[in-house]
Amino acid sequence: TGATGFVGRNLLLRVLREKRYAKIWLPVRSPEKLRTQFREEGFDKLPSELVVLHSSATDWNLGEAANADHVVHAAGTLSGTNLDEYRRTNVD
């Protein structure tokens, strides 16, 4: 999760460069944002290892990704209504 954010995107690019996985599932809210970011990184299209899952935090439709060997959760929020909410979301 979080593949379109700063940390998640950079981790994903590194994993792709190192060819660590044959298949990587990416639950994202905006597949178009992901495609745009890859174009900005010099890719003509999304790498074949990627399986994009159009999802959101309230409705994770993971399909076969639910059987993944590893999960990297790099999603977070940029703001909250108060500091406690922000910490609950990003830390807890």
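Leu78 sits in the loop between strand 2 (50-54) and helix 3 (83-90), where helices (H or I, at least four residues) and strands (E, at least two) are DSSP runs numbered from the N terminus. With a relative accessibility of 85%, Leu78 is exposed; the term exposed stands for over 50% relative accessible area, buried for under 20%, and partly exposed for values in between (1.4 Å probe, protein chains only).

The model is predicted, so local features need pLDDT of at least 70 and side-chain atom pairs count only at pLDDT 80 or more, while totals for chains, interfaces and linings use all residues. Residues are numbered from 1 along each chain as its sequence is written, and side-chain values use heavy atoms, with hydrogens and water left out.

**Overall layout**

The chain contains three helices and two strands, in the order α-β-α-β-α from the N terminus. Its C-alpha atoms fill a box of roughly 40 × 30 × 20 Å along the principal axes. Of the 92 residues, 25% count as buried. Among contacts (heavy atoms within 4.5 Å) with a separation of 6 or more, 63% are between residues 24 or more positions apart.

**Helix 1**

The end C-alpha atoms of helix 1 are 17 Å apart, which agrees with the 16 Å that its twelve residues should span at 1.5 Å a residue; the expected span is 1.5 Å times one less than the number of residues. Gly8, Arg9, Leu12, Leu13, Val15 and Leu16 are the buried residues of helix 1. They lie on the same side of helix 1, because they cover an arc of only 165° around the axis, the arc being that of the directions from the helix axis to the C-beta atoms. This buried set packs against strand 1, helix 2 and strand 2. On the face turned away from the buried side, helix 1 carries the exposed residues Phe6, Val7 and Arg17.

Lys19 follows helix 1 and belongs to the loop between helix 1 and strand 1. Although Lys19 is not a glycine, its phi is positive, at about 50°. Lys19 is exposed, with a relative accessible area of 65%.

**Helix 2**

The buried residues of helix 2 are Pro31, Leu34, Gln37 and Phe38. Their arc around the axis is only 120°, which puts them on the same side of helix 2. The cover over these buried residues includes helix 1 (6-17), strand 1 (24-28) and strand 2. Gln37 is in contact with Ala3, Thr4 and Arg9, leaving aside its neighbours within four places in sequence.

Glu32 also belongs to helix 2 (residues 31-40). The side chains of Glu32 and Arg39 are joined by a polar contact of 3.0 Å; such a contact is a pair of N or O atoms within 3.5 Å, and within protein one must be able to donate a hydrogen and the other to accept it, with residues adjacent in sequence counted only if both atoms are side-chain atoms. Between the C-alpha atoms of Glu32 and Ala68, 36 residues apart along the chain, the separation is 24 Å. Gly42, with a positive phi near 95°, follows helix 2.

| Residue | Relative accessibility | Class |
|---|---|---|
| Glu32 | 41% | partly exposed |
| Gln37 | 9% | buried |
| Phe38 | 4% | buried |
| Phe43 | 30% | partly exposed |

The whole structure has one aromatic pair. The ring centres of Phe38 and Phe43 are 4.9 Å apart and the planes are at 70°, so the pair is edge-to-face. Rings of Phe, Tyr and Trp (its six-membered ring) pair if their centres lie within 6.5 Å; planes under 30 degrees apart count as stacked, over 60 as edge-to-face and the rest as tilted.

**Nonpolar core**

In soluble globular proteins, nonpolar side chains tend to be buried together. A nonpolar core is a set of buried Ala, Val, Leu, Ile, Met, Phe, Trp, Tyr and Cys residues joined through side-chain atoms within 4.5 Å. The largest one here has eleven residues: Ala3, Leu12, Leu13, Val15, Leu16, Ile24, Leu26, Val28, Leu34, Phe38 and Leu50. Helix 1, strand 1 and helix 2 are the elements that give two or more residues to this core, and helix 1 supplies the largest share, four residues. Not counting residues up to four places away in sequence, Leu26 touches Ala3, Leu12, Leu34, Leu50, Val51, Val52 and Leu53.
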